[in-house]
Amino acid sequence: MDYMIGADIGTTSTKSVLYDMNGKVIAYANKGYQLYQDTPDMAEEDPEDIFDAVVEVLGQVMRKGNVKPGELKGVSFSSAMHSLILMDENDKPMTRAITWADNRAAKYSEELKENGLGQEIYLKTGTPIHPMAPLSKMLWLKNEKPDLYNKAKKFIDLKTYVFFRLFGVYQMEYSIASATGMFNIFDLKWEKQALDLLEIDESRLPKLVEPTDSIKGINANYGELLGIQQDVPFVFGASDGVLSNLGVNAIDPGVVAVTIGTSGAVRVVVDKPVVDPNGRLFCYALTKDKWVVGGPVNNGGIVFRWVRDQLFGPEKITAEQMQVSSYDILTQIAEKIPAGSDGLLFHPYLGGKRAPIWNAYARGSFFGLTRQHTRAHMVRSALEGIVYNLYMVMLMIEGVAGKPKSIQATGGFARSSLWRQMLADIFEQDVTIPESFESSCLGADVLGMYSLGYIDDLSEVKNMVGVTNVHHPDENNFEVYRELLPIWIRLSKVLAPEYKSIAEFQKKHMKEHQEK
Ligand code: ADP
């Protein structure tokens with residue numbers, strides 16, 4: 001038998017899947033690690049924990065699959081974006097890995113936005129100006145921890161660290177690089193304007209390679225430990241977001257990947273890099289000629305969780321006693337309300353500020369309440385509001401990448417047929433739910449097979465991804481949504497100027513409240 005491994009270095013755990021050459025799952029392993037949050041805006045991980053997890057999960061799938069010498073054809077990697085590790089003269093980490101969720105660089109990304117430099121850099125790098133990006137993080141360290149910053153020999157990310165430990169080289173592929181905020185997506189080089197701002201030269205960044213490039217000669221100790229021979233190629237791979245598009249078979253033009261898990265995202269593949277004139281969309285590399293344009297949304301399923309916890313406490317307790325999903329009970333309640341929630345509109349900006357509005361002060365709201373509206377209307381309108389918001393991201397993507405043709409949707413929301421149908425009705429597109437298991441690992445596997453010549457085209461993925469559900473837009477519903485969507489969008493604009501005033505009020509009074 002011949003095998004490939006697709007591994008994904010995620011924010012909370014590293015996963016590894018052993019596949020046969022048809023993409024069938026043979027073995028799986030997963031190892032989690034601690035997120036360090038000493039302060040509310042900090043989110044760090046220990047690079048050693050991550051490296052140990054990678055070694056552990058690779059070893060586990062080799063053993064579980066009983067892989068013999070010569071049978072493993074390659075290993076290919078996915079990884080979370082935006083992490084930053086500073087390495088010292090002796091090639092040891094001087095910091096933990098600062099992850100995308102770390103917010104300590106907020107002041108510096110705000111400054112970049114306000115002075116206009118951020119937009120100039122965004123137009124070349126395709127990474128929205130945000131504290132998540134290494135560009136902002138490095139500005140923060142340069143200003144607030146200059147000793148550390150000046151001493152650092154290299155600024156790298158988690159995947160580069162793992163490859164360094166296994167192969168002794170500092171190499172970063174275009175996909176992870178394209179999410180740093182320092183990589184020019186049009187000429188595929190480090191962006192001089194960003195480097196000048198950071199006062200560093202290229203020698204302090206990893207060498208750039210293509211996602212499809214590979215390297216052989218694994219460190220002998222680890223090779224022995226893992227049972228992986230020196231001649232097995234390790235493909236650099238790409239980031240988890242773009243590989244998830246590949247892993248759910250959303251790589252053809254117009255096929256949109258929509259995710260609603262705790263957060264959410266809308267992403268589509270285009271054949272050359274594009275940027276949004278307003279800086280609201282990302283553009284990250286999958287390969288040199290496939291790019292993923294999209295928007296990350298903070299307010300996804302987590303908002304539904306809030307509705308459940310705050311408005312349906314008794315139902316939650318009953319569900320727990322009956323050992324059924326409380327979400328299922330809530331969606332059954334919502335199902336009794338007609339599409340459009342009898343004109344109750346909900347803006348889901350309960351926390352975090354990313355696509356579509358990227359406004360730090362945004363707050364949630366119900367609009368259109370009458371005495372006829374009930375809690376059941378509120379839950380339906382919240383589910384609809386989460387989808388309207390994703391639709392707004394879709395409209396922005398349409399502006400740079402053309403009309404959508406169909407949707408491949410994933411995430412916890414897909415457990416609800418009501419919510420899946422809502423997505424089809426609001427987007428007015430067919431929605432397919434792929435049978436996805438660790439889609440970023442599968443994406444890494446397929447990219448790896450393509451890189452090493454085992455498949456001719458990435459579209460082969462279609463033979464490896466099953467389908468669980470398909471939904472078609474229902475005319476009775478989409479006509480209602482067509483009426484409501486323009487109101488919902490206009491309302492976002494009407495509310496926007498007041499977000500800051502209410503956020504400041506809350507900051508002042510809610511803090512006092514906490515201190516009492
Ligand atoms: P994560 O994004 O953290 O990996 P999931 O993809 O499992 O998590 O998504 C979790 C979200 O999915 C929950 O917050 C909830 O909004 C939604 N969800 C989970 N189960 C259901 C269900 N049965 N019906 C509707 N929504 C659900």
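User: How is the word contact to be read here, and which residues outside its sequence neighbourhood does Gly74 touch?

Analyst: Contact means that heavy atoms lie within 4.5 Å. Leaving aside neighbours within four places in sequence, Gly74 is in contact with Tyr3, Met4, Ile5, Val232, Pro233 and Leu452. This is a predicted model, in which local features need pLDDT of at least 70 and side-chain atom pairs count only at pLDDT 80 or more, while totals for chains, interfaces and linings use all residues. Residues are numbered from 1 along each chain as its sequence is written, and side-chain values use heavy atoms, with hydrogens and water left out.

User: Is Gly74 buried or exposed, and in which element does it sit?

Analyst: Buried means under 20% relative accessible area, exposed over 50%, and partly exposed in between, using a 1.4 Å probe and protein chains only. Gly74 is buried, because its relative accessible area is 0%. Helices (H or I, at least four residues) and strands (E, at least two) are DSSP runs, numbered from the N terminus, and Gly74 belongs to strand S5, which covers residues 72-79. The C-alpha atoms of Gly74 and Ser214 are separated by 9.1 Å, although these residues are 140 apart along the chain.

User: How does Ala220 read on the scale of accessibility?

Analyst: Ala220 counts as partly exposed, because its relative accessibility is 49%. Ala220 is found in helix H9, residues 220-226, and its C-alpha atom is separated by 7.4 Å from that of Gln230, 10 residues apart along the chain.

User: What does the radius of gyration say about the protein chain?

Analyst: The radius is taken over C-alpha atoms, and the globule rule is 2.2 Å times the number of residues to the power 0.38. For 516 residues a compact globule would have a radius near 24 Å, and the protein chain has 23 Å, which agrees. The C-alpha atoms fill a box of roughly 70 × 50 × 45 Å along the principal axes, and buried residues make up 57% of the 516 residues. Among contacts between residues at least 6 apart in sequence, 72% join residues at least 24 apart.

User: Which domains does UniProt list, and what is their helix and strand content?

Analyst: UniProt positions are given in the numbering used here, with feature names shortened, and annotations may be inferred rather than shown by experiment. An unreviewed UniProt entry places "domain: Carbohydrate kinase FGGY N-terminal" at residues 3-247, a span that is 36% helix and 24% strand. The unreviewed entry also lists "domain: Carbohydrate kinase FGGY C-terminal" at residues 257-451, where the chain is 42% helix and 21% strand.
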